[in-house]
Amino acid sequence: MEMHSYPIYDWINRTAQDNPRRVKAILIGSSYEKRPLYVLKLSFNDRPNRKAMWIDCGIHAREWISPAFCLWFVHHSLSFYQQNSEITRILDSMDVYVLPVMNPDGYKYTWTARRWWRKNRSISKSGFCVGVDLNRNFDVDWGIKGSSQNPCEEINCGPFPESEPEAQAVANFLRRHKDTVQLYITIHSYSQMFIFPYSYTFDQAENHNDLLEMVQEAAQRIKRYYRNTYTYGPGAATLYPCSGGSDDWAYKLGIKYSFTFELQDRGEYGFLLPPSHISGACNEALLAVKTIAVKVLEKTQAPANHHTI
Amino acid sequence: MATGELNPNHYPARRAAQVVQHYLNTRYGSPFRLIGVQTVHSGNAEDVADSGRKYQLELSVNDIITNTTKTCSAELFFPKGKGQQPPEVKASCEELLKIDIKAQEEALYQKYKTNQTLMSAQYLPDSHGHIEPDMKPFWHLGILASSFIMLNESTENTLYNVAQVANITQLTTEEDHLEFDCHTLLHEMVSQEIIHWKMLFTWSPAEGVKVVQMKRLPHRHEREKSPKTN
């Protein structure tokens, strides 16, 4: 399947149409330039009181492997349900919300104008520079660390928290669904890293040890199956301290399993990952998602729900 | 900043390791040998009076082209104080030069010393990560030349990679080496900025890469007028 094609909307429509029982396209808002923001809800059975997980991609425009991964995940779910035991267990137990492109304006801009664009395309009050870094725009210790009020900079946090329609749409959706969403994953590139809260402070998250155990297992499995190295740890110490991140915000909302994945590679191609690397990058991320989702199920399922074989 | 034993998974060690990578590429890099950090095993950092900070690292690096891993020990010193002073690096690695690339280097050198038209290439790799096999050595040369800049520009608060070689053009020269004009884009991870540099550099199998001139290009900030201008 064609991974890096711009008409992701065609793919979203077709996927929902071709799989009406399992896939529903939900409109959660629109971008600054009025592109629709669609979340695909994967719901493979209708057990009551189902929990959910959320995966978003394409928050940073130039990280092209990210939207590719969301498509890859949906494709894997539809193709390997009841064939692969891990994805089957996950989809039997949880709904999955997938937002393939959180920043469609920025994404389009990287195809038509500037390949290095990162932010969204909102025009600042001064009109001088364009774009807010959506991953600095969430309402968690907003504007304090690793971000900038200067609209010309790449890590511009915007004029106020959730000022950007894309961040607001995601935040509104997650607020409405916070009692069912147990796992939050946001997909980025590059660096080959799994990070978890907090980025805005060096303080440890309450369930730091659980989160560490999960990413450690994900990294170990990737090493074993794909012979590739991922580092992992809390955001501030592992990558850099920064405020306004979606993973920290989701965690503070109450989603206690919250992760940022940085996909391939480690700087050789960087943002320009070639087609030959796409399947490897996506398979590694998929293994990590499945590993962590299964561990979340183990930690959150009440004993009565355990199925013994 | 972190002092004493460093967590190899955390950014202070990682950033220092990246500086070692740039240093190794300036010393040992070639169109056929490119070095990348594989794993940081351990590290240590300490303040040196008021003059700066000293790091010690044990790490493994990877020859990206042949996919062979070597262990290294490195010492770095990041000076403190006015003006951007480059870090000082000392590193020793096991057998980095073991794999023989002399024949490939010589072949490349001869081909472009005697070519009728001067080579020129753009966007290595292109937006989709494509790069013609013939052009890979020039991509690597652009990365090597950039390594001198990345080494110079590095601090404890930066992490540099080459985003793309935008343009590399061969120039005529009477000298024995090949000469190139080059425009590369660096990605700085902490600020997330893309920084443009122009360089003039030379290369030969005997001399390796020497950067003759380098200039940072100004940031092209986007200027778009809001519809409601007063």
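This passage looks at how two chains meet in a predicted model, and then at a handful of residues that stand out along the way.

Start with the interface. Chain B puts 37 residues in contact with 41 residues of chain A. Together the two chains bury about 3,400 Å², with 51% of that area on carbon and sulfur atoms. As for which parts of chain B do the touching, the elements that give two or more residues to this side are helix 1 (11–28), strand 2 (35–48), helix 3 (136–153), strand 7 (160–171), strand 8 (178–188) and strand 9 (193–204). Sorted by type, the chain B residues that touch chain A come out as 13 nonpolar, 14 polar and ten charged. Polar contacts do turn up: eleven residue pairs between chain B and chain A, both partners at pLDDT 80 or more.

An unreviewed UniProt entry lists Glu262(A) under "active site". Glu262(A) sits in strand 8 (residues 257–263) of chain A. With a relative accessible area of 8%, Glu262(A) falls under the 20% cut-off and so counts as buried. Setting aside neighbours within four places in sequence, Glu262(A) is in contact with a run from His188(A) through Ser189(A), Tyr190(A), Ser191(A) and Gln192(A) to Met193(A), and also with Tyr230(A) and Leu239(A). For Ser189(A), the backbone nitrogen lies 3.4 Å from a polar atom of the Glu262(A) side chain.

Ser191(A) belongs to the loop between strand 5 (181–189) and strand 6 (193–196) of chain A. At 13% relative accessible area, Ser191(A) is buried too, because that value is under 20%. Asp141(A) is another non-glycine residue with a positive phi, about 55°. Asp141(A) is found in the loop between helix 4 (104–112) and helix 5 (165–176) of chain A, and at 34% relative accessibility it counts as partly exposed.

In chain A, one joins Gln264(A) and Asp265(A), with omega about -5°. Asp265(A) lies in the loop between strand 8 and helix 9 (275–300). In chain B, a cis bond joins Leu124(B) and Pro125(B), with omega about -10°. Pro125(B) lies in the loop that runs between strand 6 (120–124) and helix 3 of chain B. Helix 3 of chain B is also among the elements that give residues to the side touching chain A.

Terms used. Residues numbered from 1 in each chain as written. Chains lettered and ligands numbered in written order. Predicted model: local features only at pLDDT ≥ 70, side-chain atom pairs only at ≥ 80, totals over all residues. Heavy atoms only, no water. Contact = heavy atoms within 4.5 Å. Buried area = accessible area lost by both parts, 1.4 Å probe. Polar contact = N/O pair within 3.5 Å; in protein donor to acceptor, adjacent residues only side chain to side chain. Helix = DSSP H or I, 4+ residues; strand = E, 2+ residues; numbered from the N terminus. Nonpolar A, V, L, I, M, F, W, Y, C, P; charged D, E, K, R; others polar. UniProt positions renumbered as here; feature names shortened; annotations may be inferred. Buried < 20%, exposed > 50% of the residue type's maximum accessible area, 1.4 Å probe, protein only.
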